[in-house]
Amino acid sequence: WARDGDRGRGGGGGECGERGDGAAGSTGRTRGNKGAASFPPVPPPLRFTQVVMNLPQGSLELLDCFVGIFDRHTWPADALPRINAYAFSKAVDPEGDVGATAAAALGLEATAAALGPGVTYRRVRLVAPGKYMMLVSFVLPQAAAYR
């Protein structure tokens, strides 16, 4: 086989049994840097600071996608993202319900306190009698991020 740059030059390793230099006895593949593609340097890791999960019907169930995907070198503890997740709750204590559900989805103890300090809750609106749309906002706990 021949690479695009080798066509029409005779000796580009076109036939099986030819080496790239025209000598017989090889697999037909050329080796070395001749015609090798050059790639741009790899950029430094991109870190994001916020995640907004704005589909209240299922956002808390999707929190498990953050479990164990961070490494301490790229993501030190002070750089972990803030998660903002909308959810519905019919519980008497919607803040506690949403917090416990989020913690359980992250593989933590199923209590609102497991999300750590700095958690905020907001009752966005009453969507039906006894059913709130909630917003829970928290920094991703280290116990979930580095698992």
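**Entry 1: the salt bridge**

I started with charged pairs and found that arginine 123 forms a salt bridge with glutamate 95, with the closest N and O atoms 2.8 Å apart. I took a salt bridge to be a side-chain nitrogen of Lys or Arg within 4 Å of a carboxyl oxygen of Asp or Glu. Arginine 123 lies in strand S5 and glutamate 95 in helix H1, so this pair ties together parts 28 residues apart in sequence. My search of the whole structure turned up one salt bridge.

I also checked the cover on both partners. Arginine 123 is partly exposed, at 40% relative accessible area, and glutamate 95 is partly exposed too, at 21%. For these words I used under 20% relative accessible area for buried, over 50% for exposed and partly exposed in between, with a 1.4 Å probe and protein chains only.

A note on the source: this is a predicted model, where local features need pLDDT of at least 70 and side-chain atom pairs count only at pLDDT 80 or more, while totals for chains, interfaces and linings use all residues. Residues are numbered from 1 along each chain as its sequence is written, and side-chain values use heavy atoms, with hydrogens and water left out.

**Entry 2: the fold**

I read the chain as β-β-β-β-α-β-β-α, which comes to two helices and six strands. Helices (H or I, at least four residues) and strands (E, at least two) are DSSP runs, numbered from the N terminus.

Next I followed S5 (residues 120-128) and S6 (residues 131-139), which run antiparallel and are joined by seven bridges. Strands pair if DSSP finds at least two bridges between them. S5 and S6 form a hairpin with two residues between them, and glycine 130 in the turn has a positive phi of about 80°. Alanine 128 stands opposite lysine 131 in S6.

**Entry 3: the core**

Which residues touch the most other members of the largest nonpolar core? I found Leu63 and Phe138, in a core of 25 residues. Such a core is a set of buried Ala, Val, Leu, Ile, Met, Phe, Trp, Tyr and Cys residues joined through side-chain atoms within 4.5 Å. S3 (50-53), S4 (82-89), H1 (94-105), S6 and H2 (142-145) each supply at least two residues of it.

Leaving aside neighbours within four places in sequence, leucine 63 is in contact (heavy atoms within 4.5 Å) with Met53, Ile83, Ala102, Ala105, Leu106 and Phe138.

Last, the whole chain: 31% of its 147 residues count as buried.
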